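I set out these entries as a record of what I looked up in the model.

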Amino acid sequence: MSVTIKSQREIELMREAGRILAAVHEELGQAIRPGISTLEIDQLGEKLIRGYGCIPSFKDYNGYPASICVSVNDEVVHGIPHKDRILKEGDIVSLDAGVIWHGYHSDAARTHAVGTIRPEAERLIRVTRESFFEGIRYAKAGNHLNDISSAVQAYAQRFGYGVVRDLVGHGIGSHLHEDPEVPNFAQKRRGIRLQAGMTLAVEPMINMGSAAVAWLDDDWTVVTMDGSLSAHYENTILITEGEPEILSLR
């Protein structure tokens with residue numbers, strides 16, 4: 001495993017990539033409403049990303065056909081946008097997006113309510129976001145990777161939720177996916193020791209029911225096995241000697 005420590009120049013480029021991605025997510029969030037198609041969300045996302053002078057990280061990545069992963073209700077991640085997939089009142093929708101700024105990536109995800117949603121769906125979205133912040137309390141130099149993973153799992157499971165095992169976060173930099181893997185659940189080993197200058201995409205994927213997931217026939221869309229709702233919250237973070245810096249949050 002080769003985990004890269006970013007130089008000051010690389011960190012500056014990733015800061016800008018993160019700043020732009022945060023702005024893109026903010027604008028996409030404002031566009032979410034009943035009646036919009038998942039393809040329209042993707043088209044808006046790509047237009048925004050390119051408008052900021054960036055390249056979408058996901059477009060054609062390993063053959064993925066879109067710029068924004070749009071995952072609805074029981075879809076965990078990697079939902080493929082389609083003109084016939086229309087969001088309706090009461091849905092929840094996860095948007096996962098990445099941008100490349102001068103060769104460096106930022107990656108972030110948010111789950112949104114479509115109109116008015118049930119209180120239990122609101123709670124799932126809130127707890128998923130909170131589990132990210134619980135995890136990164138331990139994201140500082142000298143701690144181990146497993147400190148983050150264990151904290152995410154412990155928090156989400158307090159609410160009886162399933163923490164997805166088949167997908168994990170990752171290192172990020174000049175490549176979208178770099179070492180190390182960043183699980184959202186405790187490992188037997190403590191994992192690498194965190195060092196200042198490491199950049200990670202920490203991304204809890206939390207199901208209202210069981211943790212089990214399946215892949216649809218498109219080979220991309222991951223869904224909950226039991227049909228329960230799933231939420232996703234992700235940011236690109238920088239490890240420092242003190243508190244982590246969240247690069248993809250305004």
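How many salt bridges does the structure hold? I found that the structure holds 14 salt bridges, a salt bridge being a side-chain nitrogen of Lys or Arg within 4 Å of a carboxyl oxygen of Asp or Glu.

I note the basis of the entries. This is a predicted model, in which local features need pLDDT of at least 70 and side-chain atom pairs count only at pLDDT 80 or more, while totals for chains, interfaces and linings use all residues. Residues are numbered from 1 along each chain as its sequence is written, and side-chain values use heavy atoms, with hydrogens and water left out.

**Entry: salt bridges**

I looked up Glu178 and found its side chain in a salt bridge with that of Lys6, at 3.4 Å from N to O. Glu178 belongs to strand E8 and Lys6 to the segment before helix H1 (8–31), so this pair ties together parts 172 residues apart in sequence. Helices (H or I, at least four residues) and strands (E, at least two) are DSSP runs, numbered from the N terminus. Glu178 counts as buried at 13% relative accessibility, and Lys6 is buried with a relative accessible area of 7%. I take buried as under 20% relative accessible area, exposed as over 50% and partly exposed as in between, with a 1.4 Å probe and protein chains only.

I then turned to Arg250, whose side chain meets that of Glu26 in a salt bridge of 3.2 Å, N to O. Arg250 lies in the segment after E15 and Glu26 in helix H1, so the pair ties together parts that are 224 residues apart in sequence. Is Arg250 buried or exposed? Arg250 is exposed, with a relative accessible area of 61%, whereas Glu26 counts as partly exposed at 38%.

For Arg85 I recorded a salt bridge with Glu75, with the closest N and O atoms 2.7 Å apart. Arg85 sits in the loop between strand E3 (75–77) and strand E4 (92–101), and Glu75 in strand E3, so the pair ties together parts 10 residues apart in sequence. Arg85 is partly exposed at 32% relative accessibility; Glu75 is buried at 9%. I also noted that salt bridges with shared partners join Glu12, Arg15 and Glu245 into one network.

**Entry: the sheet**

In which order do the 5 strands of the open sheet lie? I read the order as E8-E7-E9-E14-E15, with antiparallel pairing; two strands pair if DSSP finds at least two bridges between them. The edge strands, each pairing on one side only, are E8 (178–182) and E15 (245–246).

Strand E7 (residues 169–171) pairs with strand E9 (residues 199–202) over 2 bridges, and His170 has Ala201 in E9 as its bridge partner. E9 and E14 pair over 4 bridges, with Thr199 opposite Leu238 in E14. E14 and E15 are joined by 2 bridges and form a hairpin with 6 residues between them. Ile237 has Ile246 in E15 as its bridge partner.

In a regular strand the side chains alternate between the two faces of the sheet. From E14 (residues 235–238), Asn235 and Ile237 point one way and Thr236 and Leu238 the other, and all are buried.

**Entry: Thr224**

I located Thr224 in strand E12 (residues 222–224) and found it buried, at 3% relative accessible area. A polar atom of the Thr224 side chain lies 3.3 Å from the backbone nitrogen of Gly227, and one lies 2.7 Å from the backbone oxygen of Ser228. Leaving out residues up to four places away in sequence, Thr224 touches residues including Asp74, Val76 and Leu229, contact meaning heavy atoms within 4.5 Å.

Conventions: A polar contact is a pair of N or O atoms within 3.5 Å; within protein, one must be able to donate a hydrogen and the other to accept it, and residues adjacent in sequence count only if both atoms are side-chain atoms.
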